[in-house]
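Opening the notebook on a new model today.

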Amino acid sequence: MNMNTIMEREARLTILKELSAQPNKAISSEAMRQFLLDFLLIDKPRQWVELQFQYLADMQAVVIVEAGTVKIARLIERGKLHLAGKIEIDGVLSPSARGGD
C-alpha cells in the first residue's frame with residue numbers, strides 16, 4: 001500500500017470520528033481541512049478534503065450539502081456503524097487499527 005492510500009484511509013477515519021464528535025454530526029470542508037492539518041499534519045487543499053467527503057458519500061457513510069463554495073458533510077448511519085466496529089467500509093481505516101483513539 002502506498003503512502004497516499006494510507007493517508008487517505010487515515011484521513012477518512014478521522015473525518016468520520018470528527019463528524020461523530022460534532023454536536024450536529026456535520027462539518028465544513030474548510031473546517032475539516034484545518035482539523036486534518038492540526039491533528040494529522042495532512043496539509044492538503046480543501047478540494048482534496050472534498051474528494052474524501054465524496055468518497056465517504058459514495059460509500060454511504062455521509063451525506064454532502066453544498067453551502068456556497070464549501071461542502072458540508074454530515075455523518076449518517078453507515079458511518080456510525082463503521083465507527084462502532086459493526087461494519088467495515090472499504091478504503092477507510094478500521095477504528096481498531098488506531099486503538100480506538
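Predicted model: local features only at pLDDT ≥ 70, side-chain atom pairs only at ≥ 80, totals over all residues.

My entries follow, one topic at a time.

**Ground rules**

Residues are numbered from 1 along each chain as its sequence is written, and side-chain values use heavy atoms, with hydrogens and water left out.

**Entry 1: the sheet**

I started with the strands (DSSP runs of E, at least two residues; helices are runs of H or I, at least four; both are numbered from the N terminus). Three of them form an open sheet in the order β1-β3-β2, with antiparallel pairing. The edge strands are β1 and β2 (62–67), each pairing on one side only. I read the twist as averaging 25° from one strand to the next. Angles here run from 0 to 180 degrees between N-to-C directions, and the axes are lines fitted to C-alpha atoms, for helices over the stretch in contact.

Next I went through the pairings (two strands pair if DSSP finds at least two bridges between them). A reminder to myself: strands of a sheet pair through backbone hydrogen bonds, either parallel or antiparallel. β2 and β3 run antiparallel and are joined by six bridges. In that pairing I looked up I64, which stands opposite A73 in β3. A67 has V70 in β3 as its bridge partner. β2 and β3 also make a hairpin with two residues between them, and G68 in the turn has a positive phi of about 65°.

**Entry 2: helix α2**

How far does α2 reach from its first C-alpha to its last? I get 16 Å for the 12 residues of 29–40, close to the 16 Å expected at 1.5 Å a residue. The expected span is 1.5 Å times one less than the number of residues.

Then I checked burial (buried is under 20% relative accessible area, exposed is over 50%, partly exposed is in between, with a 1.4 Å probe and protein chains only). S29, M32, R33 and L36 are buried in α2. Seen down the axis of α2, the buried residues fall within an arc of 105°, so they line one face of the helix. The arc is that of the directions from the helix axis to the C-beta atoms.

What covers that face? Its buried residues are covered by elements including α1 (3–21), β1 (26–28), α3 (46–58) and β3 (70–75). Contact means heavy atoms within 4.5 Å. α2 lies across β1 and β3, running at about 85° to β1.

**Entry 3: the aromatic pair**

I searched the whole structure and found one aromatic pair. F35 and F39 are stacked, 5.3 Å centre to centre with 20° between the planes. My cut-offs were ring centres of Phe, Tyr and Trp (its six-membered ring) within 6.5 Å, with planes under 30 degrees apart counted as stacked, over 60 as edge-to-face and the rest as tilted. F35 is partly exposed at 24% relative accessible area. F39 is also partly exposed, at 43%.

**Entry 4: positive phi**

Most residues other than glycine have a negative phi, and most peptide bonds are trans. I flagged K25, whose phi is positive, near 60°. K25 lies in the loop between α1 and β1 and counts as partly exposed at 29% relative accessibility. I flagged L41 too, with a positive phi near 60°. L41 follows α2, in the loop between α2 and α3. At 70% relative accessibility, L41 counts as exposed.

**Entry 5: R12**

Is R12 buried or exposed? R12 is buried, with 8% relative accessibility, and it lies in helix α1. Leaving aside neighbours within four places in sequence, I list its contacts as Q52, Y55, L56, G91 and V92.

**Entry 6: S96**

Last, I looked at S96, in the segment after α4 (77–83). S96 counts as exposed at 62% relative accessibility. Its C-alpha is 9.5 Å from that of A84, 12 residues apart along the chain.
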